[in-house]
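Morning, everyone. I'll talk about aromatic rings today. Please bring the model up on your screens.

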Amino acid sequence: MKKPTDLESRILEILDSNIRLIQYSVYAVGLIGLAVIARSTHIFSKFTSTKSVPREFIRKAVKLQGKVNGIEYYQLPLQQVEGCHPNYALRFNIEHIPIARLLPWRNKKVVEKSFLLNIELVGVHLTTLEGVDNVIKLPLESNPTIWFRLYGLNCETDHMYASIFLKRTWWKLWSEKDLALIILKQNKGIVSPYLPNSQQIYFNEKYPAYYRKLLYCEIKYRKL
């Protein structure tokens, strides 16, 4: 068996005497790498305003989780409505839930509205408020946690456009239901006019495909 040279012996001796330092250095590099990844992906970030949400998330139609803290039925101006019946935009005040948490979940006090995300249901307007509580509020009372996919941004009113997915139990399993499709299937609303991009309003490249899906659903379930 070949004996190690003086240089090799010296290197082995240095490694052996500093093995702990080398291990800690490897761990430190790994932690730094994880910190960089966490910062770039925002997995620990909690978004408390429209401006805090990275624009890349909107551009890529990222799906986020949140808890509904309030619902508003915003009556649209008559000039934005076809016909004489009022239409309503459905807006949510949502507390964002980070992808991952550093600390265990704790029950907190009610979050102030200024720290909530302003989300408008994209692509659909309500045509009536009669019976909508059974469709919207009742499921959220049992489980206010939702998922929402970002599709656009309104810089003038400082709110984002997103599809909303309600969580429902089915045979002890969770299933997600698109709220916009539920509204159209139950003839509680219509597909809103398609808004082109402008200086105030932005929609990502994935929105047209989703808009076509809404139109198909409206035609399929429209009352004759």
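Is Tyr194 buried, partly exposed or exposed? Tyr194 has 40% relative accessibility, so it is partly exposed. The cut-offs: buried is under 20% relative accessible area, exposed is over 50%, partly exposed is in between, with a 1.4 Å probe and protein chains only.

Ground rules. This is a predicted model, where local features need pLDDT of at least 70, side-chain atom pairs count only at pLDDT 80 or more, and totals for chains, interfaces and linings use all residues. Numbering runs from 1 along each chain as its sequence is written, and side-chain values use heavy atoms, with hydrogens and water left out.

Now ring pairs. Rings of Phe, Tyr and Trp (its six-membered ring) pair if their centres lie within 6.5 Å; planes under 30 degrees apart are stacked, over 60 edge-to-face, the rest tilted. That rule gives eight aromatic pairs. Take Tyr194 and Tyr211: centres 5.0 Å apart, planes at 80 degrees, so edge-to-face. This pair links distant parts of the chain, 17 residues apart. Tyr194 is in the loop between strands S8 (189–191) and S9 (201–203), and Tyr211 is in helix H7 (residues 207–221). Those are DSSP runs numbered from the N terminus: helices H or I, at least four residues; strands E, at least two. Tyr211 is buried, at 10% relative accessible area.

Next, charges over rings (NZ of Lys or CZ of Arg within 6 Å of the ring centre and within 35 degrees of the ring normal). Lys63 sits over Phe165, 4.4 Å from the ring centre.
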